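Here's a quick look at how one protein chain is put together. Have the model open while you read.

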Amino acid sequence: MDDPLADELRDHWTDIGLGRTFTLLIAAQEHVKMRRAERALAIWQQLIDEGGTAGDDARVDYADFLFEAGRNDEARSELDAVMASNRIYSFAWCSAAELLEKRDELDEALLWYEIAADQLTAEDVSTGSHRIQDLVTGRRRVKWALQLPLDGLDLMGAQGEDEEADREAELRDLLRNPVVIAGTIQVWDRSEFDDAVRWRRQLIGENADGYCHRVERVLRAQAQRVTIATWTYGGLVDCLRDVTVRHDELPDGRRTAWPPPRNQPCWCGSGVKYKKCCGGPLPRVEPASNVSRYGVAHGG
């Protein structure tokens, strides 16, 4: 049987192994760029008439075109038809979610991602296709943008650029202005304060004694036993690279109970007795210099 789109196939990239459907979709996109919308419409309509996954793929591309043209109701009708097909782990399903995400319609995008993730297990994600990984990653991206807590399945996806920047900003703030959370305070290790390394001074913003005295003031205000967990810069970098955990769960240095006995070494690692170091009278602490943030911090 003759293919109504044979000329399109002959004229485009049939020699790079994309297959008929994607070759035609690329052709349609080129026609749109060249202001030949009628030819793109003919391709999409033919694929939609053929049905199946090819039809779903064409509907998503057509919906994108309709959105750009301001024909939002028609675009949503095309996406509704894709959802009704229930081919959840198809290329089209992922593309539809990403299209809505690109348009900043995050609640709707999340619905598509949630439907896809509803029946997935951790094993499905770890052993599944790239498409499943893309869906889990998209769900993580949208939930982060909506400031929703991430679950274990989300943490198996890759983090997006916004999350990466936010995680770094929040962790740096957590260490720069330490607070006690659930009986633990996370602080820079004293070994990280090295005036000879300029970037460390810029990152932390003050000398070791000033920082440790400020932490001691926070601890004294608690009037309860606290665990001090210390970080190194290397640990911070490793944590930010590890997208499978919360950003504040991997302190890599010492863990010390506060307050230590007065005649024992100070918790700060100076080697001096606590009573002659942070446990003694505290000097006035100058306010820390401001550090610009790289993103909006997220809770949870």
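What follows covers the model itself, its sheet and its nonpolar cores.

Residues are numbered from 1 along each chain as its sequence is written, and side-chain values use heavy atoms, with hydrogens and water left out.

The mean pLDDT (the predictor's confidence in each residue, from 0 to 100) is 85 for the chain, and 82% of its residues reach 70 or more. Residues 290-300 are another story: there the pLDDT is below 50, and beyond near neighbours in sequence the stretch has 19 contacts (heavy atoms within 4.5 Å) in the model. Where pLDDT is low, the predicted coordinates should not be read in detail.

## Overall make-up

The chain has 13 helices and 4 strands, taken as DSSP runs numbered from the N terminus (helices are H or I, at least four residues; strands are E, at least two). Of its 300 residues, 43% count as buried, meaning under 20% relative accessible area with a 1.4 Å probe, protein chains only. Among contacts between residues at least 6 apart in sequence, 54% join residues at least 24 apart.

## The sheet and its helices

The 4 strands make an open, mixed sheet in the order S1-S2-S3-S4, where pairing takes at least two DSSP bridges between two strands. At the edges sit S1 (180-181) and S4 (255-258), each pairing on one side only. S2 (184-188) and S3 (226-231) run parallel over 5 bridges, and Gln186 has Ala229 in S3 as its bridge partner.

Helix H10 (161-176) packs on this sheet, touching S1, S2 and S3, with its direction at about 95° to that of S2. Helix H12 (208-222) touches S1, S2, S3 and S4, and its direction makes about 175° with that of S2. These angles run from 0 to 180 degrees between N-to-C directions, with axes fitted to C-alpha atoms, for helices over the stretch in contact.

## Two nonpolar cores

A nonpolar core here is a set of buried Ala, Val, Leu, Ile, Met, Phe, Trp, Tyr and Cys residues joined through side-chain atoms within 4.5 Å. Which residues touch the most other members of the largest one? Among its 36 residues, they are Trp44, Leu47, Val60, Leu79 and Trp112. Helices giving two or more residues include H2 (20-33) and H9 (130-145), and H4 gives the most, with 8.

Val60 touches Leu79, Val82, Ala92, Ser95, Ala96 and Leu99, leaving aside residues up to four places away in sequence. A second, separate core of 26 residues includes Val180, Ala208, Trp267 and Cys278.

Terms used. Predicted model: local features only at pLDDT ≥ 70, side-chain atom pairs only at ≥ 80, totals over all residues. Buried < 20%, exposed > 50% of the residue type's maximum accessible area, 1.4 Å probe, protein only.
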